[in-house]
Amino acid sequence: MKPATSRRLRPLTGSLLIALAALLGWLAFSKKSDPPSLAQKAPPVRYAPASSPALSSPSATSPKPALAATLPSAGARAALLHTLAALRALQGAGTITDTQARELLDHLRAELAAGNLAVTVAAIVEFLVGGEDAATSLAFAMEDGGALSAAPSLRTFLLDQLGQLDPVAAAGFSREFLALPLSPATIPDESSLCLRNLAWGSPGPLAAADRILFDARATALLQNTDWAARPSAGFLEGFDAVVFSGNPALVAPLARIMNGAAAASTRHAAHIAMDRLALAGDSAVIAAIATEPSLSEQPGLRAGLLARADVTNAAQRAIIETYLRDPSVGETEKKTFIAAFPLRSFTDGPRLITQPKDQEGADLITSDRASLVVMREWATDHSLSPLHPSLTATIIRLQSMLR
Amino acid sequence: MNLRLVARASLLVNLAGLVTTLQAQSSAPIPQSTGLSYPDNLTGLVYSEVGQGSGAIVRHPRIVLSCAHVVFDDYLQASASGWTDLNDFTLAWNGDTAPSAENAVPLRGYVRFSRYAETSLNPEKYNLAFSEDFVAHFSYFNLTDNAPAAFWQDGVAALRSSAPKRITGYPAGLYNDGDPLQYRLHRTPDFLARLSIDFGRYLGAVGPSTGSGNSGGPAWVYDLKNHEWKFAGVLVSGLEKSQGDLDNEIGVVGANAAPWSLVTAAVKASGGAAPVTPLLFNSTAALPAAIPDGSRTGVSIPFDVSGAGKRLTTLRLSLSSDHAYPSDLTITLRAPSGRNVVIADRPELDYVELTEREITGFAGQNPNGRWTLLVRDVATADIGAVTEARLTLIAR
C-alpha cells in the first residue's frame, strides 16, 4: 500500500490553506480601498492567531487553481456582511427581537447552504479570523445532537455552521483557536464550540495531539474563575467536554467547583458533568472519585457517584470494598451508598459533544443480578458487619425489583 | 360567563355524556364505594425520599410518569445526594391509611431531563428547569395487567385546547397529618378551561385547583374524536383558595417531543421496548457511480428517507468502492438538516468496503428527507467508482 501522506498534503491542512488562500486572495485582489489585514485589524480583535504560520504568511506553494476556486463568493460573503450590519443596526437601535434575529440567521443559513461548500467555508473562516461580531440577543441553546438551535452572537452561529458544514475545516480552525492561551478577550461560548468542532472533526477517537489540546482546554475551562463566577450558557454547556474527555485527572477540578464558591449554575453544571462521567463507568474515574479529598465534604453526593460502580469489574469492586471498609468514611455515607447501589437512574437532554448512551434493560438486569451476587457476599463478610442490616434491606429490595 | 363555553359545554354533554363544569373547583376525593374507572385507575401514589406525589402508568405498563421534583433532590442543596433511588409506587390506592409495604412496588430507576445550563436561564422569561419538571420511572416488570393509559403525542396542544380536562392524584397538602383523606385518590371536576398561561411546555390556568401535594398528578384531556381520556402532562404547581392563596390555579408540564424522549429511554431501560425494525434505504443514484478524479466536487450519492420516526437513534452505512487507491478519497455524509459528518478522511486502506458501519454524529436529528454521501477523489492518477451504498437507520 502506498503511504497516503507521501503524495500530497493531508486534506485538513489543505482546507486551512484553501481558507487562507481565499482570505489572502481577497485581500490582495479586492478593489476596495481599505482592505483590512490581520495585523492592522482594529480592536476588538477576539481571535487573531498571529502565531499561526498557516494564517499569518502566504504559502509559496498555495495552489493557484484552489485560490481562484475558493475566493469568497459574493453570495456568502455579502450575506455575512449584510447580517453583521443588520444585527448591529438593530442592536444599536435597541429594538432587536428574538424573531428578527432568528429571521436574519435563518436567511444567512440558507445563503451559506446554497453556495459552493469550499467557498462558503472560506468566507466563514475569513469572517472568524477577522474578529468582527454582533450579538443576536438569543440564548445559547442546542438541539439533540449538539447543533445550536439558537446562537447568542454571529460568531457562535458561524462556528456552529462551520462545524456542521465542514467538520474537517472546523476542526482545523478549532486547533488554531484552542492553541491560543485563554485571555480576558476569549469568549467562553466560542471556546465550547471549538471543543465541539474539534471532536466532530474526527471520525474516530481524537488523535494524540488533539487529545492533548482538548484536555488542556477542558482543564482551563474548569480553572477559569471569571467564567465560573459569571457563567454564560455556552460556558456551562462546555462542561460536556469533561464527559467527552473522560480523563480522570478532571475529577479533582470538577469536584472543587462542586464544593466551591462558583455561581450556583456553574456548580450545577459541574454536578451534571461529574454524574455523567461516573456513569461512563471508567475504573480510573471511579478510583479518582473515591479518593478525591474534596468529595469527602459531600458524603451523600460521593455515595451516589460511587453507586454507579460496576462491581463485576474486579478493579471497581476493589475500589468499592476499600471504600466500604474505610473507617474514615462515615456510616451514614456508606448506608446512603448501599441504599442507592446499583444506581440505575440517569438523565436525558441535549448535549454539546457527547451522546447519551442508551441504557438497555437486558444489560441492566444482567448487571443487577451480578451486583446482587456481590452484595450477598458483602452481607456475610465480617469486616462489613455494621452494614449488614442495610445490605439485607437493599438485597430484598433488589430481589423484588428483579422478580 | 362565556356564552361560547356554555354552548360548547352543552354540546359536549350531548355528544359524550360528560359532566362539564364551568365554575372553578378543587379536587375532591373519589368515593371508595364507586370504585375506580379509566383513567383514574391508572393513577397511583409515588413515595420517595424527597416526599410524596402522584404518578400514572402511561404508554407502557412498566412506566410511571410523574414530575421530577417529587423524586429529585437538587444537587445544590446541602447534604444532597442528587439521586434518590428508593421510590415506591402504589397503583390506584384509595384507602384511609398509607399503603403498606405489601401494597407498594419499588421502582427500579428513573430518567429525568437535564441540561448543563438549565439553571442559568433568565427566570423572568421562564424557568427551564421547572418547565422540564417531568420524570419517567421504569420497572423491570409490568405494573398493571391493564393497558397503559392512552396519551397525546402533543399534550401541550391538547392542554391549550378547549377540550374537557381532568387532573387526578393525591393532594396530601389539603389535609392535616393523619387525616384519612390524604390517602384517598382525588380528581378535579372535569373542566374546559384552556391552559392559556403559557411558558412553553409549562402551562397554567386560573380556575381549577388540586391543592398542594398533588405534584406529578396526571393531567388528562378528552379526545373528542376517539371518545377517550388521554394523558397530556403532569401537574407541577398550583394555588388553592382554601389554603389562603388569592385564587385557584394549576400549572402543568405538557408532554410533547422532549418529555416523550425520556419515556422512550425509560421504556428501553425497562427492557420492555417493542422490537425495533431497522429501515433500509438504498441510494437513488445509478450505481456504479464514477468518482471524478482529482476533483473537490466529487460524486454525490443521494438517499431519500421517508416514513421513519422523527428522532434518529442509530445510523449505519454500507459502502463499497472499486477505487484503486482509497487513500485519495474523502467521504462525507450530509443529513437532511445540512449537517455533515466525515466518514473517512483519506483512509489508509487497500479497498473501501464498509458493512453496516455505525455512524455517530447524527443522533437526535430528524432522519426524514434527503441524505447525501459525498465521495471525493482529491488526488489525480488513480480512479474508481462507488459500487454500492445503503443506509440503515433506526428512529423513534
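In which sense do strand β2 and strand β3 of chain B pair, and over how many bridges? I looked this up to start: β2 (residues 43-47) and β3 (residues 52-57) of chain B run antiparallel to each other, with five bridges. For the record, two strands pair if DSSP finds at least two bridges between them. Helices (H or I, at least four residues) and strands (E, at least two) are DSSP runs, numbered from the N terminus. I also checked B:G44, and its bridge partner in β3(B) is B:G55.

**Ground rules.** This is a predicted model, where local features need pLDDT of at least 70, side-chain atom pairs count only at pLDDT 80 or more, and totals for chains, interfaces and linings use all residues. Residues are numbered from 1 along each chain as its sequence is written, while chains are lettered from A and ligands numbered from 1 in the order in which they are written.

**The sheet.** Eight of them form an open, mixed sheet, ordered β3(A)-β7(B)-β8(B)-β4(B)-β3(B)-β2(B)-β5(B)-β6(B). Its edges are β3 (346-348) of chain A and β6 (105-106) of chain B, each pairing on one side only. I then looked at where chain A joins in: β3(A) pairs with β7 (residues 109-113) of chain B in the parallel sense, over three bridges. There, A:D348 stands opposite B:F113.

**The interface.** I found 65 residues of chain A in contact with 57 residues of chain B, contact being C-beta atoms, placed from the backbone, within 7 Å. Helix α15 (residues 264-279) gives the most to chain A's side, with nine residues. By class, that side has 32 nonpolar, 16 polar and 17 charged residues. Here Ala, Val, Leu, Ile, Met, Phe, Trp, Tyr, Cys and Pro count as nonpolar, Asp, Glu, Lys and Arg as charged, and the others, Gly among them, as polar.

I noted a cis peptide bond between A:F341 and A:P342, with omega about -15 degrees; A:P342 is in the loop between α19 (331-340) and β3 of chain A. Another cis bond joins B:L287 and B:P288, omega about 0 degrees. B:P288 lies between β16 (279-282) and β17 (289-291) of chain B.

I also found positive phi in residues other than glycine: near 55 degrees at B:H227 and near 50 degrees at B:R346. B:H227, in the loop between β13 (218-223) and β14 (228-239), is exposed, with 11 other C-beta atoms within 10 Å. B:R346, between β21 (340-345) and β22 (352-358), is buried, with 22. The cut-offs are 20 or more such atoms within 10 Å for buried and 12 or fewer for exposed.

**Confidence.** The model scores ipTM 0.80 and pTM 0.77. Mean pLDDT (the predictor's confidence in each residue, from 0 to 100) is 83 for chain B, and 86% of its residues reach 70 or more. Residues 1-24 of chain B fall below 50, and residues 121-129 of chain B stay under 50. Where pLDDT is low, the predicted coordinates should not be read in detail.

Technical notes
Contact = placed C-beta atoms within 7 Å.
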